[in-house]
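My notes follow the structure.

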Amino acid sequence: MRIILSRKGFDSSAGGCPSPLLPDGRLCSLPIPDEASPISYREIDYCGTNLGELLCQLTLNARWRGEGAHLDPDLRADALPRLPGWTPMLGQSGSAQGHLRNKGVTVGDLFLFFGSFRPVQ
């Protein structure tokens with residue numbers, strides 16, 4: 001079995017700031033921006049909080065409401081309205097997929113996600 005470390009969410013290079021560590025201790029991993037995504041931040045929910053509104057509050061920039069968000073990994077059933085039978089997923093494509101294939105990553109290997117977080121009020 002291989003262990004793959006995979007950086008996810010906002011940081012200085014993707015989004016410009018860390019994801020929020022909420023006052024109650026929850027980690028809210030913000031999906032990275034993606035201009036080509038059909039899903040905007042205003043469509044995504046995190047435990048009853050709209051991510052578009054949260055980003056506007058955190059960054060003081062209203063543009064985040066309509067910006068596209070890249071949900072990968074897509075792990076939370078309550079993030080969006082879902083069709084029956086939805087299951088969580090991780091998807092790699094392009095050079096990232098080729099890199100994993102070249103390293104022999106296969107079924108049974110373990111992905112550990114990590115990200116950058118900062119406490120917020």
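These entries go from the core to the pockets and then to the cysteines. I kept in mind throughout that this is a predicted model.

**Entry 1: the core**

I looked up the largest nonpolar core first. I found 16 residues in it. Those with the most contacts inside this core are Phe10, Cys28, Leu30, Tyr41, Ile44, Leu51 and Leu55. Helix α1, residues 51-59, gives the most to the core, with 3 residues. I noted the general background too: in soluble globular proteins, nonpolar side chains tend to be buried together.

Next I picked Leu55 from that list. Which residues does leucine 55 contact, leaving aside its neighbours within four places in sequence? I listed Phe10, Leu30, Tyr41, Leu60 and Trp64. Phe10, Leu30 and Tyr41 are also among the residues with the most contacts inside the core.

**Entry 2: the largest pocket**

I then turned to the pockets. The largest pocket has a volume of about 720 Å³. I counted 32 residues in its lining. Nearest its centre lie Lys8, Gly9, Ser29, Asp72 and Pro73. Two elements, β1 (3-7) and β7 (110-114), each give two or more residues to this lining. The largest share, 3 residues, comes from β1. By class, I wrote down 18 nonpolar, 9 polar and 5 charged residues for the lining of the largest pocket.

**Entry 3: the second largest pocket**

The second largest pocket holds about 190 Å³ of space.

**Entry 4: the cysteines**

Last, I checked for disulfides. A disulfide is a covalent bond between the sulfur atoms of two cysteines. How many does a search of the whole structure find? I got 0.

I took cysteine 47 next. Cysteine 47 is in no disulfide, and its nearest cysteine sulfur, that of cysteine 28, is 7.8 Å away. The cut-off for a disulfide is 2.5 Å between the sulfurs. Cysteine 47 is partly exposed, at a relative accessible area of 44%.

Then I looked at cysteine 56. Is cysteine 56 buried or exposed? I noted cysteine 56 as buried, at 9% relative accessibility.

Key
Residues are numbered from 1 along each chain as its sequence is written. This is a predicted model: local features need pLDDT of at least 70, side-chain atom pairs count only at pLDDT 80 or more; totals for chains, interfaces and linings use all residues. Side-chain values use heavy atoms; hydrogens and water are left out. A nonpolar core is a set of buried Ala, Val, Leu, Ile, Met, Phe, Trp, Tyr and Cys residues joined through side-chain atoms within 4.5 Å. Buried means under 20% relative accessible area, exposed over 50%, partly exposed in between (1.4 Å probe, protein chains only). Helices (H or I, at least four residues) and strands (E, at least two) are DSSP runs, numbered from the N terminus. Contact means heavy atoms within 4.5 Å. On a 1 Å grid over the protein atoms alone, a cavity is a set of points where a 1.4 Å probe fits but cannot get out, and a pocket is an open set with protein on both sides within 12 Å along at least five of seven lines; lining residues have an atom within 4 Å of a point. Grid points are joined across faces, edges and corners, and a volume is the space filled by probe spheres set on the points. Ala, Val, Leu, Ile, Met, Phe, Trp, Tyr, Cys and Pro count as nonpolar, Asp, Glu, Lys and Arg as charged, and the others, Gly among them, as polar.
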